[in-house]
Structures are given as structure tokens and as C-alpha cells.
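Hello,

Here is the structure I promised to send over.

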Amino acid sequence: MEFFSFTDPNVRMVTLGSMLLGASAALVGCFTFLRQRALVGDAIAHAVLPGVCIAFLVSGDKNPWVLLIGAVIAGWVSLIAMDFITNRSKLKTDTAIGAVLSVFFGFGILLLTAIQHSGAANQAGLDKFLFGKAASMNQQDIITFSSVACFLLLLIFAFFKAFKLVSFDPDFARVIGLPVRVLEFLLSTITVLAVATGIQAVGVVLMAALLITPAAAARFWTERIQVMMLLATFFGIASGFFGSYVSYVAPSMPTGPWIVMLLSAIALISILLAPRRGLLARTRLQRNNARKMRTENILKTFYALGESTTNWQQGFTTLALQEKRAFQPAKLKRGISHLRRKGLIERNKEGLFQLTPSGFTESQRVVRLHRLWELYLSERMNMAADHVHNTAEAIEHILTPEVEQALLEELGHPIQDPHQSIIPYQSKRK
Amino acid sequence: MSLTAVEIHNLTVTYDRRPVLWDIDFSLPAGHLIGVVGPNGSGKTTLLKSIMQLIPSSSGYIRLFDQPLEEVRHRISYVPQRESVDWDFPVSVRQVVRMGRYRRGNLLRRLSAQDKALADHAIEQVGMTAFADRQISQLSGGQQQRVFIARSLAQEADLYFMDEPFAGVDAASEDAILKLLSSMKEAGKTVVIVHHDLQTARSFFDWMVLLNTRLIKAGVTKEVFTSQNLQEAYGGQLTILSQVSDLVQEKDFPIREKQYRDKP
Ligand SMILES: Nc1ncnc2c1ncn2[C@@H]1O[C@H](COP(=O)(O)OP(=O)(O)OP(=O)(O)O)[C@@H](O)[C@H]1O
Ligand SMILES: [Mg+2]
């Protein structure tokens, strides 16, 4: 593929520029995300459109610096407008944000349409601000926006500590005498700047995705802010790269939607696969818990069946197990084959199921925990003997060896549970 | 003679023009453990916030160690109510406590080894060393509270304001923290604590401020903790005051002339 050879200097420039834009937007977006200002970011993104249009109308020129200044001013006016509405009226914040977003964006579309119909020379390409077109950046654009992006990266690097504190606990920052207003002004300004440069690649409509999605996706993978910002930057770089690629292979396509598709895929993967916070990890944990409970209950039932005759070396049918405890047949079957694979249960000569020596030890452990916990509940928490069983049913499966040890010491290695059943300790099978 | 740590004159604070602190006037001596007590919504949090200048006051002025806050910031520490921050923020216990060492002057630099050691020592003092690298959302409410206290200790201030630092803290940790605060008192520090539990307040504090929108009484615990004062603070005698508050809000009435604002 010609794109990946990067022999064309123009392709190189566009790719590098897009990656920088993606990185700076994602990095700035981390603070927008952590301060829970995603909606404000979206409003700013939409609000810069009239700024760009007015800058063009006034200067009659597509000089990137002029357009950038227009965008930044419009972004700032929108921020002030949102603040003003929330402070001075009884409207809720989200209402104010929504109002500002639609008014500014509507006005921007109006201006854009007017410009396109005016037949002004060199107006062509202004509509790329709607959905973005990375490849349409010329050399001057790229230099301009890349230097702004680099400036943002440096600023975040320098002010990282302060931004972190202001995002986490602004009151505390104020109390220790940090210039919180200045810092918040800086944070808002870098958001506006990141938006104003990022729209080159994704356009105003989808800019919020480039700002917020990398941070939101990165949050799933880590509990540490530094790691989160690194990951988000990486996602931003990837989307910039992808955007310029699409823009190059399909010149008639806007790049924004493609970048957003990639970002959504990253977010989706994060939601599903991230360790601990991800959906899959959580369901797997729950499934493992359910299986552990089931197999331990089967072992306990074997123990109970043997207990009546104190002979644990006999085999039982699944029916006998089911009579003792209401298992769902399919789940019982799955549980038994799992236990057989782990060598805790075996099939004897008569074709019946019975505990192996290690299975017996394990069943003793489960029963011991159950009875110890029952005893603890009734002795230390004064629960009635006929109430403790159900509580112990659930808790016995999560007690660790450390807790077991503590229970044994606390209760003085007891012999009987509240129902006068023997508490089994490690012993050879009779 | 004892130094005055906090001096408050004619402080009035309004939310949306509704007065929630009305003409508060008291001073607190340095070197004591001082409790601020009053029913829910009596303005305790508001009092601390206006001392820290986090919310504007309509009138009155406040002096700390006989100076305005701006001059003595480095000697003051503030522990907000736990609910005031997002505990899902991706930082560790250690990172939060180190924030106690942030200053205007070291904002753009890394913390010094001494700053880091102070933070670690503060973590140890509240018994959170085992959790130092945990993310703060994976802590219990009481542990989160202890993180805030550690951050405050790391500041090495002379005057501490703490908003319900014992909320959700178990009895054992409460004891330990209280011992810590008492030893700070011995060292001449002043600790002002908003506290909810009347039972324990009496034994915790040697000074007390009893509050319910207006000041009921500030003084030595023995004098403040009389059944008459408590009845006045907690009994339902505020109906007239709250009626007037409503009126003020409704009529958009200025609660005090503007020029009264600062020290005469
Ligand atoms: N941001 C706010 N806007 C409007 N009213 C407020 C605000 N914060 C507090 N109030 C009101 O001010 C009054 C005093 O509140 P404050 O939080 O100071 O009480 P408190 O004594 O700390 O109560 P608690 O014991 O529940 O913490 C209350 O009536 C409350 O409704
Ligand atoms: Mg309060």
C-alpha cells in the first residue's frame, strides 16, 4: 500500500499532524473527563463553528491562525454564556449547556450556508469543519495546528500536579492558596484550544468523541491517573493515524465519522475486556463464584450422606444426592464432572460416585467452615440456632484460611456446632 | 495569657439571600481542642467554609492569629466533609496525602524527599500504611476519612479546621485519631472540629461552639454544655428566626448595609 510506505512527504505531514492532534485532544480530554465536564466539552466543540465562520467572513481568508483565533474566541464566549446562565437563572446546568450548544451551532450552520451561497472566492472546504477532513490540511495548517498541539502537551506536562489537584479537590486547592481561578481558566483554555485544533481531523459535530472517549476507555484499564493519561494519549494517536489513513484512501469521505468508529471500537473493547472493571471480567468472576458454591455444595452433600453411617467410603447415585439437596439435575451433572476432573470424586466399581481421599478432606473443610460460622453467629452475634443455617450457607464459600484460623482461635477449637453436629477436623477417613 | 486563634465579628452568610449564619460573633483561644456543635443544617459547614473563604460572606470579618487568612494560609489546614470530592478519581492514598505538601511555590516542581517522608509519616499516623498504594475508591468510608485527616496532618499547620472527621470512622480509629489530636494540642496546635455526636462531644473537647444559625454559646465546654443552652440549640425555638429568614429571601431584602463589610 502506498500510504504505509510514507514516501509522499504530504502524507507524512498529514499523518504526523493528525497524530499530534489526536494526542493533545485525548490528553486534554482526560481532565475534561475527570472533572465530569464531558457535556461542556461537547458544547464548546459545537460552539466554535460560528467563530470559524466569522473569522473567515471578516478576513476573507483561510489562514489557519485567523480561523483558530475565531474558534478560541467563540469557545470562550460559549463558556462564559454557560456560566452566566447557570449563575444568574434558576436553570439547571445541563439545560444551560444544551441551550448554548444548540444556539451557537445553529448560528454556525446559518453562517456556513450563507458563506457557501455567497460564492466567495476560496470558500471551498470550509464545510470540512463539520465532519473533518484530515487530508485537506495544507502545510501551513499542519504547522499551525501541530505547534498548538505541542504547546498543549507541554502545558499539561508542566502543570500536571496542579491540574490533578484542581480536578480532584478544587476547594482544597483554594485553601492552600493555589491560584485556582487561573488554573481553571487554563484548563478551560486548553480545552478550547484542543477543540479548535482537533476539529481539523474530526469536525465540530464529533469532536467531543475525540476529547472524551480516549479518557473514558483508558479509565477502564487502570486506577492510576498517569497510566490513564498515557493510554488515552495512545488511543488519541491511533485515531489520528487511522483518520489520516482513511482520508488518504477515500478522499471523498469525511474523516470524523471513521475516527469515531475506531474510538467506539476501542471503548467497546475496554468496556468488555478490561481486567476487573470490564464486563467480561465481572461476569467471569460471578460465574466462578457460582461454580465454586455449587461444587462445594455437592461435596458437602456427599459428606452429609456419609455422616449418617460415619462411612464415607460408599458410593451414591445422583438421585441420592438430589434427594438430600435440591440440585438442578443439569447443574449437578456439570458439577460432578468438574469435581471428577479435579480428582475429588471418582466412579467406583458399582458405577456409583464417591469421594476420593482428597475429596473427603475438601468436604470436611467446607462442612467445618459452615459449622464454625454457624457457631460464631449463634455465640458471638446472639442469633437463634434455627436462623444461622441460611446465613452460613452463603458465607462458608468465601471464608479464607486466615479467617478460619481466626475463628478457630476465637471459638477455642470447638467440637460441636449449635445443632450438636460434630465439627470435622482434618483426620484420616475411617 | 493565651493567644487568640480565631476571631469572628458579626459574620452573616446567606445562600440565595437566605441567611444561614446570622450575626455570629466569637473568638477561640489557641492551643485547644474545640468542638463546633449544632443540629443538621445549623450552618456548621457553612461556618468553616466562610472562615476558609470558600463562600462569600454578606458582612462581618474574620481574623486568624490576628491576621487575615491570606497572610497565614500556610499555618492553616482544612479537612472538608468527605462527600465533597469524587472518590472514584484514579489516585492512590499516597498521592492524595502528598497533596497536603503542595504549595504555591512548588507547584511546577517535584516534591522533595522531605515532603514525601512527611506524607508517609502522616499516613502512618492514621494507620493507613498498609493501604498507601490503594486506589481511593477501594476504601471504606471511614478509611477515606482517615486519608483526608492524613492529608491535613501532612500540612504541618498550626490551626486545623475539620468538618466531621469522625463520620463513619470506627471506635478504635476514632480513639487513635483523638489521641493524635490531643498530642497536637499539647504541642500548642489548635484544632477546630465540627462534630455531630453530643454524647462524645463533651469528653472530646475542652472548648465548644454551640450553633444554630445564630451563635448560642462559645466557651469552655462546662459552661456551654448546659441543658438550657442545648435546649436552645436543639429545641424547636427557631420558628420565628426561620420565618424572618424566609421573609428576607422572599423580599430580596439586604440583610445589612454593604459598608459594614470589613474591619472598621
Ligand atoms: N449550596 C447551598 N445552596 C443553598 N443552600 C445551602 C447550600 N449549602 C447549604 N445550604 C443551606 O444552609 C444551611 C446550613 O447548611 P450547612 O451545610 O452549613 O449545615 P451543617 O450544620 O453543616 O449541617 P450538617 O450537620 O447536616 O452537616 C442549611 O439550611 C442548608 O440547607
Ligand atoms: Mg455539615
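Let me start with the ligand: helix α1 (residues 44-51) of chain B gives the most to the shell around ligand 1, namely three residues. Helices here are DSSP runs (H or I, at least four residues), numbered from the N terminus. The shell has 13 residues, and B:Asn40, B:Gly41, B:Lys44, B:Thr45 and B:Thr46 come nearest; a residue is near the ligand if one of its heavy atoms lies within 4 Å of it.

Before you read on, please note that this is a predicted model: local features need pLDDT of at least 70, side-chain atom pairs count only at pLDDT 80 or more, and totals for chains, interfaces and linings use all residues. Residues are numbered from 1 along each chain as its sequence is written, chains are lettered from A and ligands numbered from 1 in the order in which they are written, and side-chain values use heavy atoms, with hydrogens and water left out.

The side chain of B:Thr45 places an N or O atom 2.6 Å from an oxygen atom of the ligand. Backbone atoms take part as well: a backbone N or O atom of B:Gly43 is 3.0 Å from a ligand oxygen, and a polar backbone atom of B:Ser42 is 3.2 Å from one. Taken alone, ligand 1 exposes 640 Å², and the protein buries 59% of that (accessible areas by the Shrake-Rupley method with a 1.4 Å probe).

Next, the aromatic rings. Rings of Phe, Tyr and Trp (its six-membered ring) pair if their centres lie within 6.5 Å; planes under 30 degrees apart count as stacked, over 60 as edge-to-face and the rest as tilted. This rule gives 14 aromatic pairs over all chains. With centres 5.7 Å apart and planes at 25°, A:Phe159 and A:Phe163 are stacked. Both A:Phe159 and A:Phe163 are buried (under 20% relative accessible area; exposed is over 50%, partly exposed in between; 1.4 Å probe, protein chains only). A:Trp373 and A:Tyr376 are stacked too, at 5.3 Å and 20°. They sit three residues apart in helix α17 (residues 357-380) of chain A, about one turn of the helix. A:Trp373 counts as buried because its relative accessibility is 16%, while A:Tyr376, at 22%, counts as partly exposed. Ring pairs also link A:Phe168, B:Trp87, B:Phe89 and B:Phe148 into a cluster.

Best wishes

Definitions and conventions: Helix = DSSP H or I, 4+ residues; strand = E, 2+ residues; numbered from the N terminus. Polar contact = N/O pair within 3.5 Å; in protein donor to acceptor, adjacent residues only side chain to side chain.
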